[in-house]
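Hi everyone, thanks for coming. I'd like to walk you through one structure, a few residues at a time, so please have a look at the screen.

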Amino acid sequence: MNRRTTALSAAVALAAALALTGCSSEDGGPELKVSGAFMPQPVMDMAGGFLTITNSGDTADKLTSVTSGISDDVQIHETKNQKMQKVESFDIPANGELKLERGGSHIMFMDLKKQPKQGEKVAIELHFEKADPIKVELPVEAPNHNPKQH
């Protein structure tokens with residue numbers, strides 16, 4: 001009985017040490033929050049997605065991809081010289097933010113499996129170089145929706 005108790009105690013201690021190590025390794029890492037997310041109601045078989053990712057951590061990160069059940073081909077785009085182009089990632093600076101907005105960098109959903117309507121929500125998952133994935137629901141807004149930027 002003593003050996004069992006000792007083994008159990010050792011396992012609990014090891015688990016606690018690993019849990020603490022996991023917490024401490026995240027200190028100083030990226031701390032990401034998403035705000036202002038929306039998707040204008042699509043008028044074709046593709047749609048844009050817009051949001052802001054704020055990093056309050058001391059470490060920069062990168063948005064590397066976006067996935068969603070609404071499309072098997074979700075891309076991240078930047079707009080340069082009024083032309084959209086696919087990019088591999090977007091930088092999220094330490095103590096800074098990444099704004100994905102109309103006329104600029106954005107998420108592009110190609111070949112939609114269904115047309116979401118205004119009032120619905122589209123689930124997406126943001127994937128990063130360092131931080132864990134973040135699940136976000138994009139409220140579907142009017143096709144011409146453009147929040148005022150301050």
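Before we start, one term: when I say two residues are in contact, I mean they have heavy atoms within 4.5 Å. And please keep in mind that this is a predicted model.

Let's begin with Q41. Where does Q41 sit? Its place is in the loop between β1 (32-40) and β2 (47-55). Setting aside its neighbours within four places in sequence, Q41 is in contact with P116, K117, Q118, V140, E141, A142 and P143. Look at Q118 in that list: the side chain of Q41 reaches the backbone nitrogen of Q118 at 2.7 Å.

Next, S68. You'll find S68 in strand β3, which covers residues 61-68. Is S68 buried or exposed? The cut-off for buried is under 20% relative accessible area, and S68 has 13%, so S68 is buried. Its side chain reaches the backbone nitrogen of I70 at 3.2 Å. Leaving out neighbours within four places in sequence, S68 is in contact with V74, F109, V122, A123 and I124.

Two of those names, F109 and I124, come back in the next part, on the nonpolar core. In soluble globular proteins, nonpolar side chains tend to be buried together. Here, the largest nonpolar core has 27 residues, and L63, F109, I124 and L126 touch the most other members. Strand β9, residues 121-128, provides the largest share of this core, with four residues. Let's take L126 as a case: not counting residues up to four places away in sequence, L126 touches V34, L51, I53, L63, S65, V66, I107, P133, I134 and V136.

How much space lies in the largest pocket? About 290 Å³. The lining of this pocket is made of 17 residues, and those nearest its centre are A47, G48, F50, R102 and M108. Two elements give two or more residues to that lining, β2 and β8 (106-110), and β2 gives the most, with three residues. By type, the lining divides into 10 nonpolar, six polar and one charged.

So that's our tour: a loop residue, Q41, a buried residue, S68, a core of 27 residues and a pocket lined by 17.

How values were computed
Residues are numbered from 1 along each chain as its sequence is written. This is a predicted model: local features need pLDDT of at least 70, side-chain atom pairs count only at pLDDT 80 or more; totals for chains, interfaces and linings use all residues. Side-chain values use heavy atoms; hydrogens and water are left out. Buried means under 20% relative accessible area, exposed over 50%, partly exposed in between (1.4 Å probe, protein chains only). A polar contact is a pair of N or O atoms within 3.5 Å; within protein, one must be able to donate a hydrogen and the other to accept it, and residues adjacent in sequence count only if both atoms are side-chain atoms. On a 1 Å grid over the protein atoms alone, a cavity is a set of points where a 1.4 Å probe fits but cannot get out, and a pocket is an open set with protein on both sides within 12 Å along at least five of seven lines; lining residues have an atom within 4 Å of a point. Grid points are joined across faces, edges and corners, and a volume is the space filled by probe spheres set on the points. Ala, Val, Leu, Ile, Met, Phe, Trp, Tyr, Cys and Pro count as nonpolar, Asp, Glu, Lys and Arg as charged, and the others, Gly among them, as polar. A nonpolar core is a set of buried Ala, Val, Leu, Ile, Met, Phe, Trp, Tyr and Cys residues joined through side-chain atoms within 4.5 Å.
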